[in-house]
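Below is a short briefing on a single protein chain. It covers model confidence, strand pairing and pockets.

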Amino acid sequence: MIKHLVLVAACIYAGACAAQPPHKLSLTYDLSYNGVVAAELTEVLEHDGKSFSLSSEGRGKGIGALLYRGAARRWCRGEITSAGLRPLEYRDQRGDKPAAVARFDWIKKTLTQEHEGKNETTNMVPALQDRLSFLYNYAFQSPPDLKPGKQIKVALTDGKGLTRFHYEVAGRETLKTPAGELETVRLVKQRENKDDKETEIWFASSRDYLPVRILVIEKDGVRIDQVLTRIAN
């Protein structure tokens, strides 16, 4: 009994008992353009509580299978900290083209990006993530600070360059998906000018804050919608 109490106290003090998703998860999404499903995206999360890896692969589906022959693959790995995910390496490959790569050196505080034979190393900027780890970062924060009205500023790398995003937490809502009805938190991108893309992201508060839906509206009105269809352990 005493040992149990000591262990609980130690976990509370160190944050080691923070809730985390299962050690292996597979999430499948339908990706549609203006309401027509064109691709299926499969993402796999694996972790041991200290380190993680994420992979994402998209292939044409329906009419998209005729248009997109090659697969789009993204992959990253890194460490799990008390603040969430800290990426070490990210790769983004489209078809047979060479992958764009980002490498994070958290000791030297530098980011190295490789793309089309170019190699550039720069100093890290605050709130740095890659485009894949950012979507799963809240699953490893216990609990994530996603109160309505909160402002979130993050810089994301895709191996080709950095893009800064400014989101606002719009609030909670129930979202109906092919994977079921889920309680979610919605983030809305704050646009700096009228030509900016509109972006909204829904995270499942009832399922470890995993990404459920991503909606992007291009400046010409094209709607790109990524919606969860199933989760498997």
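The points that follow are grouped by topic.

This is a predicted model, in which local features need pLDDT of at least 70, side-chain atom pairs count only at pLDDT 80 or more, and totals for chains, interfaces and linings use all residues. Residues are numbered from 1 along each chain as its sequence is written, and side-chain values use heavy atoms, with hydrogens and water left out.

**Confidence and overall make-up**

- The average pLDDT (the predictor's confidence in each residue, from 0 to 100) is 90 for the protein, and 89% of the residues score at least 70.
- Of the 233 residues, 41% are buried, where buried means under 20% relative accessible area with a 1.4 Å probe and protein chains only.
- Of the contacts between residues at least 6 apart in sequence, 43% join residues at least 24 apart.

- Strands count as paired if DSSP finds at least two bridges between them.
- Strand β1 (residues 24-33) runs antiparallel to strand β2 (residues 36-47), with 10 bridges joining them.
- Tyr-33 stands opposite Val-36 in β2.
- Two residues separate β1 and β2 in their hairpin, and Asn-34 in the turn has a positive phi of about 50°.
- β2 is also joined to strand β3 (residues 51-60), by nine bridges in the antiparallel sense, and Ala-39 stands opposite Gly-60 in β3.
- The hairpin of β2 and β3 has three residues between the strands, with Gly-49 at a positive phi near 90°.

- Strand β13 (residues 198-204) is largely enclosed by the rest of the structure, because six of its seven residues are buried.
- Five bridges pair β13 with strand β12 (residues 180-189) in the antiparallel sense; Arg-186 has Trp-202 in β13 as its bridge partner.
- Seven bridges pair β13 with strand β14 (residues 210-217), again antiparallel, and Ile-201 has Ile-214 in β14 as its bridge partner.
- Five residues lie between the strands in the hairpin of β13 and β14, where Asp-208 takes a positive phi near 60°.

**Pockets**

- On a 1 Å grid over the protein atoms alone, a pocket is an open set of points with protein on both sides within 12 Å along at least five of seven lines, and lining residues have an atom within 4 Å of a point.
- Grid points are joined across faces, edges and corners, and a volume is the space filled by probe spheres set on the points.
- The largest pocket holds about 1400 Å³ of space; among its 49 lining residues, Arg-74, Arg-94, Arg-131, Lys-197 and Val-216 are the closest to its centre.
- Strand β11 (residues 162-177) supplies the largest share of this lining, five residues.
- The lining of the largest pocket has 22 nonpolar, 10 polar and 17 charged residues, where Ala, Val, Leu, Ile, Met, Phe, Trp, Tyr, Cys and Pro count as nonpolar, Asp, Glu, Lys and Arg as charged, and the others, Gly among them, as polar.
- The second largest pocket has a volume of about 440 Å³ and 24 lining residues, with Ala-83, Ala-127, Gln-129, Asn-137 and Gln-141 nearest its centre.
- β5 (84-94), β9 (128-130) and β10 (151-157) each give two or more residues to the lining of the second largest pocket, and the largest share, four residues, comes from β10.
- By class, the lining of the second largest pocket has 14 nonpolar, six polar and four charged residues.

Definitions and conventions: On a 1 Å grid over the protein atoms alone, a cavity is a set of points where a 1.4 Å probe fits but cannot get out, and a pocket is an open set with protein on both sides within 12 Å along at least five of seven lines; lining residues have an atom within 4 Å of a point. Buried means under 20% relative accessible area, exposed over 50%, partly exposed in between (1.4 Å probe, protein chains only). Contact means heavy atoms within 4.5 Å.
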